[in-house]
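Here is a short report on salt bridges. Look at the structure first, then read on.

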Amino acid sequence: MLKNAGGAGDGPLFLFLIVIILTSILVIILANILVDILVNILILNNASNFSVICNLFYFKKKEERMIDLFFLQNVEYKNILTVEELQLGEKAVTSISGPSGGGKTTLLRLLNNIISPDRGDIFYQKRRLEEYEPLELRRRVMMLPQNPILYGNSIRESFLKAQEFSGSVVSLTEAEELMEHLHLEKKMEDTTEELSGGERQRIALARLLLISPETMLLDEPTASLDSSNERGIVHFLADYARSRSRKVIMVTHAPEVAADVADQEVIIEDGHLKSSKFNSP
Amino acid sequence: MDSSTVNDLGVIDITLIQLILAYVFVIILIIMIKKQDISREKQIILATTRMTIQLVLVGYLLDFIFDNPHPLATLAIFLLMEGFAVHNIMGRMSASPGSAMKRVIGISMLAGTVSSLLFFLVAVIGLSPWYYPRYFIPIAGMLVGNSMTGISLGAEHLVSQIQEEPERVEQALMLGASPETATRKIANQSFYNAILPTVNSMIGMGIIFLPGMMTGQILSGVSPLVAIRYQIAIMLGIMGSVTLTVFLLVKLGVKTFFNQRKQLKIKN
């Protein structure tokens, strides 16, 4: 009987609680949107974000146009690179190829915010790069240069540097697994001085994969490898990106290897975009 | 009046002729250099002449200022010292620093030396009035001179390392490092390089050599026990001043290499 009485009393109370919680959530969401609009319009003086928020309500309709990871518009950097319009990294793996000195590395450096274009806009997930706090952006979009510095006397130290730089905790057990996947028969205690160019590149690649940022910009990550190793690693990278929902944009000197796995193939020649095509799965 | 009492303490006055005899060293040196065909005699003559003229002028200037103490005169001399020191630092650097770095060098020198000098004069020595030139000027000279050497070494390392190896800094940025983290190793090494001479001189002091100020005081008749107290105090003061100026230099100096987008600015 007591139970029954309690049950009858709890019914409205329970309903009341749910209403309160739902209302709070709604108020928080609305407040967030309001603050976002106010901050963007009043402080940052930037209406584009406002339109992004508005677009949320028509998400279905705009979906196709809004899924690009990077979007470049009228971008110009010195006399090195000019891109009128380019969508990049919509899917997991994008390859960028073209003759050397054509501006591929410059493109990656622009996307990583290591340099800024003289003219034009670069958007990352619909926001201009300038709107991001630079550090936050670089922790989401990291770059692996062609001749990576390992910082550290031993391989272990190099991995720990990743932790210091990126601010994210890394697991050395996972690092060992990654080394295995990248065909590196090395121990954590081995010194970095004795490593060959290809080994250095793979350690640096493992280090980046260990941090696992949402987008990885790789500048010829397999440049110092023989073709059989190269194929294996490119396939591993593609699997890694797809299984963890990460995006990989890689500059490659061997587009035929990348073609196996790339969802988008971009060719840059003489500082200009020559072509960009999407491969069907 | 002062010199006669000092003379009673057994201080030997150097006459002008005796002083000229000291120049024999220079003549011997020049002959040796000529014979060896090292062809650096011009520099040695220039250095000797500059030293002589500068010291004679300073001697008369100090004599006048000590007799007529005035805060403005003391400050003017102090600023002159700072100016020469900053100028000297710029001149010594192999890689030319940018305008922002020049400003940082000036600010660090001024802020570091002024604060440690005031603390030293007011708290440690208890100088009153604060501008009393007989104490103010030589102590300021020692702090400014040593800080100058420190900043020279620190700035040289900082600027040359970042300009020679920008990839080291940039690649750290690419992995999400803040400008401070990306330059930490270079900054720490610059700091270490800068304070090393002071630290080393403290280690050898009293055993390998007798410091200049203490030697001077002993030669002018002060008891060694008083002289070491001054020497210890001034060494700690120098240490403080060097550390503070170099710390400011490194902290502020690193920032001059980055723009608002936290990108490394490299002059091409």
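## A bridge within one helix

In this predicted model, the side chains of A:E136 and A:R140 form a salt bridge, with 3.0 Å from N to O. Both residues sit in helix α5 (residues 134-140) of chain A. They are 4 residues apart, about one turn of the helix.

How accessible are the partners? A:E136 has 33% relative accessibility, so it counts as partly exposed. A:R140 is partly exposed too, at 22%.

## A bridge from loop to helix

A:K186 pairs with A:E199 in another salt bridge. Their closest N and O atoms are 3.9 Å apart. The pair links distant parts of the chain, 13 residues apart. A:E199 belongs to helix α8 (residues 197-211), while A:K186 lies in the loop between α7 (172-181) and α8.

A:E199 counts as buried, with 19% relative accessibility. The cut-off matters here, because buried means under 20%. A:K186 is partly exposed at 28%.

## A bridge across 21 residues

A:D263 and A:R242 also meet through their side chains, in a salt bridge of 3.1 Å, N to O. A:R242 is in helix α9 (residues 227-243), and A:D263 is in the loop between α10 (255-259) and β9 (264-269), so the bridge ties together parts 21 residues apart in sequence.

Here, A:D263 is buried, at 12% relative accessible area. A:R242 is partly exposed, at 41%.

## The wider picture

Which residues join in a network of salt bridges? A:D121, A:R128 and A:E131 are linked in this way. Over all chains, a search of the whole structure finds 18 salt bridges.

Definitions and conventions. Residues numbered from 1 in each chain as written. Chains lettered and ligands numbered in written order. Predicted model: local features only at pLDDT ≥ 70, side-chain atom pairs only at ≥ 80, totals over all residues. Heavy atoms only, no water. Salt bridge = Lys/Arg side-chain N within 4 Å of Asp/Glu carboxyl O. Helix = DSSP H or I, 4+ residues; strand = E, 2+ residues; numbered from the N terminus. Buried < 20%, exposed > 50% of the residue type's maximum accessible area, 1.4 Å probe, protein only.
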